[in-house]
Amino acid sequence: MAGRSKCEDCFHYDYDEEIDACVCEMDLDEDEMARFLRAEADRCPYYQPGDDYTLARRQ
């Protein structure tokens, strides 16, 4: 899994056409985002594994 973050494998991580980038679709509050950016959280509480088939079904 070298070079890839867990976010890239998450069901909530999706492409946003407006900003032309992939983003997390979960609405993290300010404290959760700060912990995540400082790497204090050992894992995201909203992480859901998703594969290409799961993501394709959402579209």
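Author: Happy to! Let's start with a word we will need: a strand here is a DSSP run of E with at least two residues, and strands are numbered from the N terminus. With that in hand, find His12, which lies in the segment before β1, the strand made of residues 13-16. Please keep in mind that this is a predicted model.

Is His12 buried or exposed? Its relative accessible area is 15%, and since buried means under 20%, His12 counts as buried. For the protein as a whole, 8% of its 59 residues count as buried.

Now follow the side chain of His12 and see what it meets. In one direction, it reaches the backbone oxygen of Tyr46 at 3.4 Å. The side chain of His12 also makes a polar contact with a side chain, that of Gln48, at 3.2 Å.

To place this in the overall fold, step back for a moment. The protein has two helices and two strands, and along the sequence they follow the pattern β-β-α-α.

For contrast, look at Glu30, which sits in helix α1, residues 30-37. Glu30 has a relative accessible area of 72%, so it is exposed, whereas His12 is buried. On the surface, Glu30 gathers with Asp27, Asp29 and Asp31 in a patch of negative charge.

Methods: Residues are numbered from 1 along each chain as its sequence is written. This is a predicted model: local features need pLDDT of at least 70, side-chain atom pairs count only at pLDDT 80 or more; totals for chains, interfaces and linings use all residues. Side-chain values use heavy atoms; hydrogens and water are left out. Patches are made of residues with over 30% relative accessible area and no salt bridge: like charges are joined within 9 Å, nonpolar side chains (Val, Leu, Ile, Met, Phe, Trp, Tyr) within 5 Å. Accessible areas come from the Shrake-Rupley method with a 1.4 Å probe; for residues, only the protein chains shown count as cover. A salt bridge is a side-chain nitrogen of Lys or Arg within 4 Å of a carboxyl oxygen of Asp or Glu. Lys and Arg count as positive and Asp and Glu as negative; His and the chain ends are not counted. The place of a charge is taken as NZ of Lys, CZ of Arg, CG of Asp or CD of Glu. Helices (H or I, at least four residues) and strands (E, at least two) are DSSP runs, numbered from the N terminus. Buried means under 20% relative accessible area, exposed over 50%, partly exposed in between (1.4 Å probe, protein chains only). A polar contact is a pair of N or O atoms within 3.5 Å; within protein, one must be able to donate a hydrogen and the other to accept it, and residues adjacent in sequence count only if both atoms are side-chain atoms.
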